[in-house]
Amino acid sequence: MNAEHPRDGEANDTSSTTLSLDEALAAQSDSETVVDVDEPTQQLVLFRLDDQRFALPGSAVSEILPSDQPVYYVPGLPASTEGVLHLRGKIESVISLHQLLGLPTPEVTSKGMILLVRAAGVTSGVRIEQLDDVCEVTQSMLQAPPETLPGTLRPYVSALWQIDERQALALLDPEALFDAYQQGLG
């Protein structure tokens, strides 16, 4: 058996020569065009309430306040209003979403973080138990909420993100939440 050796200037399939990405693309047929498509994304703030995973659009969350932010109780406020906080010269309410979302009300006030949310013409703090992440998600990963979603959640969930086969996350609609809160539903 004779092994064929390439002549000068010819390429060998087993040669150790590597091509750059540009050279490899140039070697491809010009009829194949590579199209760079930027899929729209949405920033989400991922958090937990009663060990359930939720998210709010990043565009609605203006700030994430630490758990040691003082919140002052004010008599006569609805049960879903934890109190008020003083932030850079402004007084903002701090609400709990538990009752509105049909979740059990915590027995003691959580020391979780506070998301400063702006929606429905209102800015308010929303108490969360745990902040998981702030991330970008492509729009195609967000699905319409299923009909099997509990009735208490259905009006407030705008999309579902199936993270994997066992974990899903509900994207809450801040406008619907704050509208319901203002109507005294929460």
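How many bridges join strand β6 to strand β7, and in which sense do the two strands run? Six bridges join β6 (residues 114-119) to β7 (residues 122-127), and the two run antiparallel. Within this pair, valine 117 stands opposite serine 124 in β7.

The model is predicted, so local features need pLDDT of at least 70 and side-chain atom pairs count only at pLDDT 80 or more, while totals for chains, interfaces and linings use all residues. Residues are numbered from 1 along each chain as its sequence is written, and side-chain values use heavy atoms, with hydrogens and water left out. Helices (H or I, at least four residues) and strands (E, at least two) are DSSP runs, numbered from the N terminus; two strands pair if DSSP finds at least two bridges between them.

**The five-stranded sheet**

β6 and β7 belong to an open sheet of five strands in the order β3-β6-β7-β5-β4, with mixed pairing. Its edge strands, β3 (61-65) and β4 (81-87), each pair on one side only. On average, neighbouring strands of this sheet are turned by 30 degrees against each other, direction ignored. Helix α2 (residues 174-182) packs on the sheet, touching β4, β5 (90-95), β6 and β7, and its direction makes about 90 degrees with that of β6. Such axes are lines fitted to C-alpha atoms, for helices over the stretch in contact (heavy atoms within 4.5 Å), and angles run from 0 to 180 degrees between N-to-C directions.

**The six-stranded sheet**

Six strands form an open sheet of mixed pairing, in the order β8-β1-β2-β11-β10-β9. β8 and β9 (142-143) stand at the edges with a single partner strand each, so one side of each is left without a neighbour in the sheet.

| Pair | Sense | Bridges | Facing residues |
|---|---|---|---|
| β1 (residues 41-49), β8 (residues 130-138) | antiparallel | eight | arginine 48, glutamine 130 |
| β1, β2 (residues 52-57) | antiparallel | six | leucine 49, glutamine 52 |
| β2, β11 (residues 168-172) | parallel | two | alanine 55, leucine 171 |

The hairpin of β1 and β2 has two residues between the strands, and aspartate 50 there takes a positive phi near 50 degrees.

**Nonpolar cores**

A nonpolar core is a set of buried (under 20% relative accessible area, 1.4 Å probe, protein chains only) Ala, Val, Leu, Ile, Met, Phe, Trp, Tyr and Cys residues joined through side-chain atoms within 4.5 Å. In the largest, of 28 residues, Phe54, Leu101, Leu172 and Leu177 touch the most other members. The largest share of this core, four residues, comes from α2. Apart from it lies another core, of ten residues, including Leu46 and Trp161.

Key:
Buried < 20%, exposed > 50% of the residue type's maximum accessible area, 1.4 Å probe, protein only.
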